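Subject: Structure for you to look at

Hello,

Here is the structure I said I would pass on. Please open it beside this message and follow along; my notes come after it.

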Amino acid sequence: EETRKKLSLASSRQTPYRFTEEQKKMLSEKRIAYLESSNSHVDWYSVAGVKVQGSWERDVALHLVQLGIEFERVSLLYDGHRRYTPDFYIPVLDLYLEIKGFLRGRDVEKYRKVLKDCSVNLRFVWKFKELKRFLSQSEFEPESFPDFQQIEKLWVDEKKPF
């Protein structure tokens with residue numbers, strides 16, 4: 001309850017309160033624990049012993065299993081204290097795969113920071129059309145999926161007025 005009040009005050013900018021690095025780390029860990037709990041607003045599934053979030057990730061995980069591709073969830077540390085857990089890490093390809101239905105500005109900023117700090121190979125299955133294309137592939141072709149620079153350009157173009 002105390003943490004919730006501090007977060008509320010900090011986000012409303014009614015106070016100059018700043019969290020310490022230790023507090024930021026603890027909040028990040030508590031957020032992850034909440035998202036993975038049964039109280040979360042998101043459905044979790046277990047596929048091949050890996051917890052995945054939501055039906056799109058479940059479908060991708062099942063397809064990866066069908067294709068014989070092993071995957072896991074790996075957290076990346078960026079921006080000093082923040083954790084980002086891409087939807088899939090495929091060790092044999094050293095590839096991270098993110099499933100996204102839409103992007104918000106804060107997502108774009110997060111990916112910029114993650115790629116700056118971690119320099120990983122991150123590909124996207126973006127929007128339902130890409131998901132359907134992925135699920136119809138008989139082979140996994142990661143280079144056919146956009147990287148962040150391509151996603152960012154598509155996102156910027158999508159925001160342009162007509």
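The buried residues of helix H6 (148-159) pack against helix H4 (residues 105-118) and strand S7 (122-126), as the contacts of H6 show. Contact here means heavy atoms within 4.5 Å, and buried means under 20% relative accessible area, with exposed over 50% and partly exposed in between (1.4 Å probe, protein chains only). Helices (H or I, at least four residues) and strands (E, at least two) are DSSP runs, numbered from the N terminus.

This is a predicted model, in which local features need pLDDT of at least 70 and side-chain atom pairs count only at pLDDT 80 or more, while totals for chains, interfaces and linings use all residues. Residues are numbered from 1 along each chain as its sequence is written, and side-chain values use heavy atoms, with hydrogens and water left out.

Back to H6. Its buried residues are Phe148, Ile151, Glu152 and Trp155.

Now the whole protein. It has six helices and seven strands, and from the N terminus on the elements run α-α-β-β-α-β-β-β-β-α-β-α-α. Of its 162 residues, 35% count as buried. Among contacts between residues at least 6 apart in sequence, 48% join residues at least 24 apart. The accessible surface comes to about 10400 Å², of which 50% belongs to carbon and sulfur atoms; accessible areas come from the Shrake-Rupley method with a 1.4 Å probe, and for residues only the protein chains shown count as cover.

Next, the cores. A nonpolar core is a set of buried Ala, Val, Leu, Ile, Met, Phe, Trp, Tyr and Cys residues joined through side-chain atoms within 4.5 Å. The largest one has 18 residues, and those with the most contacts inside it are Val60, Leu64, Phe71, Phe88, Ile90, Leu97 and Phe140. Two or more residues each come from strand S2 (50-53), helix H3 (54-66), strand S5 (88-90), strand S6 (95-100) and H5. Apart from this core lies another, of 17 residues, among them Val108, Leu122, Trp126 and Phe148.

What covers the buried residues of H3? The cover includes strand S1 (44-47), S2, S5, S6 and H5. The residues in question are Gly54, Glu57, Val60, Ala61, His63 and Leu64. They cover an arc of only 165° around the axis, which puts them on the same side of H3. Leucine 64 touches Ile69, Phe71, Phe88, Ile90, Phe134 and Phe140, not counting residues up to four places away in sequence.

Lysine 113 sits in H4 and is partly exposed, at 30% relative accessible area. A polar contact of 3.5 Å joins its side chain to that of aspartate 79.

Last, the backbone. Most residues other than glycine have a negative phi. Alanine 48, in the loop between S1 and S2, has a positive phi near 55°. Serine 119, in the loop between H4 and S7, has a positive phi near 40°. Alanine 48 is exposed, at 62%, and serine 119 also counts as exposed, at 62% relative accessibility.

Regards

Methods. Arc of directions from axis to C-beta. Polar contact = N/O pair within 3.5 Å; in protein donor to acceptor, adjacent residues only side chain to side chain.
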